[in-house]
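I opened this entry to get my bearings in a structure I had not seen before. My plan was to go from the whole chain down to single residues.

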Amino acid sequence: GFWLSDGWIEKARGRVGFYSNSKPVVQDIARILRERFTLDVPIREKRYTLQTTDGKTASRVGYKVGVSRDAFAQFLLVNFGIRGWDAWTKQIPQAIFRSPRAVVWAFVSGLIDGDGCVDQHVNKVHYGSTSPTLIEQLTLLLQHHGVFSRRLLDTEGGRGLVNGHRI
């Protein structure tokens, strides 16, 4: 789930990457890669600035791990059918729909760690994606497991700048 939100496969080199602003999340990814795939990957720190809509500039730190093993990229491609996806076309792998409840919730947890948040004040979970298919599938997956949700379309867009790029 986390890879689907904040991960990628570099097409030219087959390198698999994971990124987050949460160091504990990336440390957990590195631990999983080490324990389950015997891959020892360093965590790299990336500092950046962003400009909010009110004109303020803020400094942030992101954390990244990358796997340069073709076998790992092939494992993801073959087992989850993710060939050719980009941010606008990502989908929930069919294997997740056939998985046990614990796997489904681990997957959803990873999605939220990547592109979501929990609002404890109003007891809600928010998740965002540019992929309409991913959002539709997530809605159905949650409904199948007794969680009813609603989809909202963010028409505002462009709320700020990160490293000079509008987000």
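Predicted model: local features only at pLDDT ≥ 70, side-chain atom pairs only at ≥ 80, totals over all residues.

**Whole chain**

I began with the elements. I found six helices and eight strands. Along the sequence they follow the pattern α-β-β-α-β-β-α-α-α-β-β-α-β-β. I then looked at burial, and 33% of the 167 residues count as buried. The accessible surface comes to about 11,100 Å². Carbon and sulfur atoms hold 52% of that surface. I also checked how far along the sequence the contacts reach. Of those between residues at least 6 apart, 55% join residues at least 24 apart.

**Helix α6**

I turned to α6, which runs over residues 132-144. I counted 13 residues in α6. From its first C-alpha to its last, α6 reaches 18 Å, close to the 18 Å expected at 1.5 Å a residue. Which residues of α6 are buried? I listed L134, I135, Q137, L138, T139, L141 and L142. Next I asked what covers the buried residues of α6. The cover includes α1, α4 (94-97), α5 and β6 (124-127). Just after α6 I came to G146, with a positive phi of about 85°.

I followed the strand pairs next. Strand β1 (residues 7-9) is joined to β2 by three bridges, and the two run antiparallel. W8 has G17 in β2 as its bridge partner. β1 and β2 make a hairpin with six residues between them. In that turn, G14 has a positive phi of about 75°.

β2 also pairs with β4, again in the antiparallel sense, over five bridges. There V16 stands opposite V67 in β4. I checked cover for β2 and found four of its five residues buried.

On to β3, which is joined to β4 (residues 57-67) by eight bridges. These two strands run antiparallel. K46 stands opposite G62 in β4. β3 and β4 form a hairpin with five residues between them. G55 sits in that turn with a positive phi of about 85°.

**The core**

I then looked up the largest nonpolar core, which has 31 residues. Which of them touch the most other members? They are V16, F18, L33, V65, F72, I92 and F107. The elements giving two or more residues to this core are α1 (2-6), β2 (16-20), α2, β4, α3 (70-80), α5 (101-115) and α6. In soluble globular proteins, nonpolar side chains tend to be buried together.

I took V16 as my example. Leaving out residues up to four places away in sequence, V16 touches W3, W8, I9, V65, G66, V67, F72, A73 and L76.

S5 was my next stop, in helix α1. Is S5 buried or exposed? Its relative accessible area is 9%, and the cut-off for buried is under 20%, so S5 counts as buried. Setting aside neighbours within four places, S5 is in contact with K90, G110, L111, G114, D115 and Y127. I looked at G114 in particular. S5 and G114 are 109 residues apart along the chain, yet their C-alpha atoms are separated by 4.9 Å.

S20 lies in strand β2. At a relative accessible area of 5%, S20 is buried too. The side chain of S20 reaches the backbone nitrogen of S22 at 2.9 Å. Beyond its neighbours within four places, S20 is in contact with F2, V25, V26, G62 and Y63.

**A threonine with positive phi**

I ended on T38. Most residues other than glycine have a negative phi. T38 is not a glycine, yet its phi is positive, about 50°. Where does T38 lie? I found T38 in the loop between α2 (23-37) and β3 (44-51). Its relative accessible area is 65%, above the 50% cut-off, so T38 is exposed.

Notes
Residues numbered from 1 in each chain as written. Heavy atoms only, no water. Buried < 20%, exposed > 50% of the residue type's maximum accessible area, 1.4 Å probe, protein only. Pairing = 2+ DSSP bridges. Core = buried A, V, L, I, M, F, W, Y, C linked by side-chain atoms within 4.5 Å. Contact = heavy atoms within 4.5 Å. Areas by Shrake-Rupley, 256 points an atom, 1.4 Å probe, with all protein chains shown as cover. Expected span 1.5 Å × (residues − 1). Polar contact = N/O pair within 3.5 Å; in protein donor to acceptor, adjacent residues only side chain to side chain.
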